[in-house]
Amino acid sequence: MKGNPEERAIALGEYITTHNATVRAAAKAFGISKSTVHKDVTLRLARQNKGLYQEVRRILQVNKEERHLRGGMATRHKYHPES
């Protein structure tokens, strides 16, 4: 979905809130870059839909706080798949 950036921002916001998705997961689902997702949900969505923007911002903040834990789990699984 590359079309209209304003429509894409709303769709991305709804996808992130429904799936508790990361920026990377949303980018993969929509077939666009992570930087485009980030720009859409921070700049464009803030101008269009304040409520959805606040919810997306909260989810992305939680993802950012948990990022280092996910990386550690991925590394552990890579080198010790049995645990």
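Of the 83 residues in the protein, 29% are buried. The model is predicted, and its exposed surface comes to about 5800 Å², with carbon and sulfur atoms supplying 54% of that area. The C-alpha trace spans about 45 × 25 × 20 Å along its principal axes.

The protein contains four helices and zero strands, so the order of elements from the N terminus, by DSSP runs, reads α-α-α-α. Among contacts with a separation of 6 or more, 57% join residues 24 or more positions apart.

In soluble globular proteins, nonpolar side chains tend to be buried together. Here the largest nonpolar core has 18 residues, and those that touch the most other members are Leu 12, Ile 16, Val 37, Val 41, Leu 45, Val 56 and Leu 60. At least two residues of this core come from each of helix H1 (5-19), helix H2 (23-30), helix H3 (34-48) and helix H4 (50-79). H4 gives the most, with five residues.

How do H1 and H3 pack? Their axes come within 8 Å and cross at roughly 100°. Angles of 65 to 115 degrees count as roughly perpendicular, so H1 is roughly perpendicular to H3. On the H1 side the residues are Pro 5, Glu 6, Arg 8, Ala 9, Ile 10, Leu 12, Gly 13 and Ile 16, and they meet Thr 36, Val 37, Asp 40, Val 41, Arg 44, Leu 45 and Gln 48 of H3. Sorted by class, this contact has eight nonpolar, three polar and four charged residues.

Terms used
Residues numbered from 1 in each chain as written. Predicted model: local features only at pLDDT ≥ 70, side-chain atom pairs only at ≥ 80, totals over all residues. Heavy atoms only, no water. Core = buried A, V, L, I, M, F, W, Y, C linked by side-chain atoms within 4.5 Å. Buried < 20%, exposed > 50% of the residue type's maximum accessible area, 1.4 Å probe, protein only. Axes fitted to C-alpha atoms, helices over the stretch in contact; angles between N-to-C directions. Parallel < 35°, antiparallel > 145°, perpendicular 65-115°, else oblique. Contact = heavy atoms within 4.5 Å. Nonpolar A, V, L, I, M, F, W, Y, C, P; charged D, E, K, R; others polar. Areas by Shrake-Rupley, 256 points an atom, 1.4 Å probe, with all protein chains shown as cover.
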